[in-house]
Amino acid sequence: SIGLLVALSRGPWVATAAGVLALVLAGPNAGKRIVVTSAVLAAVVLGLMATPYGDKIIGYIPFIGNVERSTVDYRVRLIEVSMMIFWDNPILGNYNAIADPRLEEMRQGQGIIDMVNTYLGVALQYGIVGVVIFVAPFVIAGVATILRAREVEVEHQAMGLAGRALA
């Protein structure tokens with residue numbers, strides 16, 4: 001958790017939120033857990049907003065804040081241009097999509113196109129078929145782990161929690 005605070009990077013925060021959401025939804029009494037987690041989250045956010053750091057925190061929220069706004073604008077434009085290219089060959093993709101002239105506007109001062117979204121890269125090169133093949137093992141493993149954790153949690157609560165955390 002210290003790494004999340006030090007880096008001030010949006011990606012790890014999104015991943016952490018997704019992990020917490022998965023942990024909350026995967027267990028028994030998911031509805032009750034969502035309510036409790038939402039209440040705790042709301043209290044923490046309100047508490048942070050009451051501190052002198054409230055404005056700084058808001059500044060880092062994508063699409064709302066203004067810190068590193070150019071990075072967010074670049075990512076939005078990259079998605080827009082990439083989707084135009086994707087829809088040319090949505091099923092199997094275009095292995096040489098990165099050479100498409102429409103992406104040239106995204107080339108930065110270092111001479112690179114900053115394609116950090118792996119799913120977008122896979123979708124451009126291999127289409128929907130490639131994305132399904134890329135994502136399927138993770139989805140299958142995650143669902144199997146959650147289902148098994150629910151079974152085990154009835155008798156061994158700690159093992160069930162460990163399984164949900166693993167998922």
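This is a predicted model: local features need pLDDT of at least 70, side-chain atom pairs count only at pLDDT 80 or more; totals for chains, interfaces and linings use all residues.
A nonpolar core is a set of buried Ala, Val, Leu, Ile, Met, Phe, Trp, Tyr and Cys residues joined through side-chain atoms within 4.5 Å.

Entry on the core. I looked up the largest nonpolar core and found 12 residues in all. Among them are Tyr 74, Leu 78, Val 81, Ile 85 and Phe 86, together with Leu 120, Ala 123 and Leu 124. I noted that helix H5 (69-86) and helix H6 (118-153) are the elements that give two or more residues to this core. Helix H5 gives the most, with five residues. I then examined the contacts of Ala 123, leaving aside residues up to four places away in sequence, and recorded Phe 86, Gly 93 and Val 131.

I found a nonpolar surface patch of about 630 Å², made by Val 36, Val 40, Leu 41, Val 44, Val 45, Leu 48, Met 49 and Ile 58. Helix H3 (residues 30-49) gives the most to the patch, with seven residues. I checked Leu 41, which lies in helix H3. Leu 41 has a relative accessible area of 53% and therefore counts as exposed, the cut-off being over 50%.

Entry on the aromatic rings. Tyr 119 is partly exposed at 49% relative accessible area, and Phe 134 is partly exposed at 31%. I also recorded that ring pairs link Tyr 119, Phe 134 and Phe 138 into a cluster.

Technical notes: Residues are numbered from 1 along each chain as its sequence is written. Side-chain values use heavy atoms; hydrogens and water are left out. Buried means under 20% relative accessible area, exposed over 50%, partly exposed in between (1.4 Å probe, protein chains only). Helices (H or I, at least four residues) and strands (E, at least two) are DSSP runs, numbered from the N terminus. Contact means heavy atoms within 4.5 Å. Patches are made of residues with over 30% relative accessible area and no salt bridge: like charges are joined within 9 Å, nonpolar side chains (Val, Leu, Ile, Met, Phe, Trp, Tyr) within 5 Å. Accessible areas come from the Shrake-Rupley method with a 1.4 Å probe; for residues, only the protein chains shown count as cover. A salt bridge is a side-chain nitrogen of Lys or Arg within 4 Å of a carboxyl oxygen of Asp or Glu. Rings of Phe, Tyr and Trp (its six-membered ring) pair if their centres lie within 6.5 Å; planes under 30 degrees apart count as stacked, over 60 as edge-to-face and the rest as tilted.
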